[in-house]
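Hi,

Here is the structure I promised to send over. Have a look at it first, and my notes on the charged pairs follow below.

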Amino acid sequence: MNAVILAVLVMVGLSLARVSVVFALVAGALVGGLFSGLSLTDTLGAFNDGVGGGAKVALAYATLGAFAVALSRSGLPDLLAARLIGLLNGESTPRRQTAIKYGLLGSVTLVAISSQNLIPVHIAFIPILIPPLLVAMNRLRLDRRAVACALTFGLTAPYMLLPVGFGSIFLNDILLANINEAGQSLGLDVTRGMVPMAMAIPVGGMFLGLLTALFVSYRKPRDYATREIKSSNVPHHTPMHSPSKSGLIMAGIAIIAALGIQLYSGSMILGGLVGFAILSLGGLFKWNEADDLFTSGMRMMALIGFIMISAAGFASVMKATGDIQTLVDASFHIIGDNKPLAALVMLMVGLFITLGIGSSFSTIPIIAAIYVPLALQFGFSPLATVALIGTAAALGDAGSPASDSTLGPTAGLNVDQQHDHIWDSVVPTFIHYNIPLIVFGWVAAMTL
């Protein structure tokens, strides 16, 4: 068996058995490394080398967490929750409850989309916005798996289609750059305008999966116990803050500044720090509270940070085994010259790689250099090549236990310990997004 496949199976199997994702990643990396022939010392060395890259991402999330906590001082999350609960306390009919339910799901989806392209806080908004809404969700008997699917769609689909914010990084700085680099000697030249066009069909598949999750799979009511939210899990144990006009203005300035700095410098860390500083100078919180707020934001994102660090170590071990190239070569040795089967195998290999790494952003540099020559060899057009590589990288991001796209929703929905990360976030998003991505990514490859 290929070491990469074995490592991913071990990691996913342990996660499904409700073992800690961090432990599952470390165990999977050790099994894969040792199975490939690496010594224990070399396996641990490769894991430790990868941890450094994950630390940068973890620090970025911690900084964005602090920025999100500071933004919560505007009182908007609490105000939204209070308004929703007020609506539910009034005269309520089944039709009205249904309208509120889908209005809530639509609003959550739009906020998640904005977090990728408009307000660059990524998943850091979830532990701020979602916990105060849980009471309203319980009153509506809303299945939290539907909320997880809505959040994950908003966290993944926008960067695959819209070249703004994180989408600019994914589509232009990573996908476009790596494809053109790999195809330069082969005469392949992809322009910026071609990339969103190529990804439109796969994202359409994800949208169909979202509609299926909201209106079919998780439409029925689901009951949850009303429990007190632990203050150690989320910085929402402070009294409700009434939004003021000046506070809202400063929040708007901070958001614009954070987005501008991030786009200019390419650094989420610097953008989050600038936004946090502006909110402090604007008087949303006292200067002597800054340290507590920053620490609260970092604590909120700590588990996600540790998982991302472990995932980076896992990815480093997978690269060190050399079995990623072996996996691709073996797959295409079996295919022969069957173009439709080649497209399907490329997508499935991308799924396995991304499931283990947990990041579509990190998968593209691994597969682009291999996939571009293969795609041209099988006669795929430039648009089809972009669709294949982009979809192959995105596959698994919405269904990996180590992905921030599943960790983020769990961080907000599980503050009262009633939302399991694997069975309520990972499995539902895997079913509703990865399967449509495979189907629609294959269609895009064959038709573009």
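**Salt bridges in the model**

Asp424 and Arg222 pair through their side chains in a salt bridge, at 3.7 Å from N to O. Asp424 sits in helix α20, while Arg222 is in the loop between α10 (194–217) and α11 (245–265), so this pair ties together parts that lie 202 residues apart in sequence. Asp424 is buried, with a relative accessible area of 9%, whereas Arg222 counts as partly exposed at 28%.

Bear in mind that this is a predicted model.

Another one joins Arg144 to Asp416, with their closest N and O atoms 2.8 Å apart. This pair also links distant parts of the chain: Arg144 belongs to helix α8 (residues 144–161), and Asp416 to the loop between α19 (404–413) and α20 (421–447), which puts them 272 residues apart. Both Arg144 and Asp416 are buried.

Then there is Asp143, which forms a salt bridge with Arg145; here the closest N and O atoms are 2.7 Å apart. Arg145, at 23%, counts as partly exposed.

One last thing to look for when you open the model: Asp143, Arg145, Arg222 and Asp424 are linked in a network of salt bridges. As background, side chains of opposite charge can pair when their charged atoms come close.

Cheers

Notes:
Residues numbered from 1 in each chain as written. Predicted model: local features only at pLDDT ≥ 70, side-chain atom pairs only at ≥ 80, totals over all residues. Heavy atoms only, no water. Salt bridge = Lys/Arg side-chain N within 4 Å of Asp/Glu carboxyl O. Buried < 20%, exposed > 50% of the residue type's maximum accessible area, 1.4 Å probe, protein only. Helix = DSSP H or I, 4+ residues; strand = E, 2+ residues; numbered from the N terminus.
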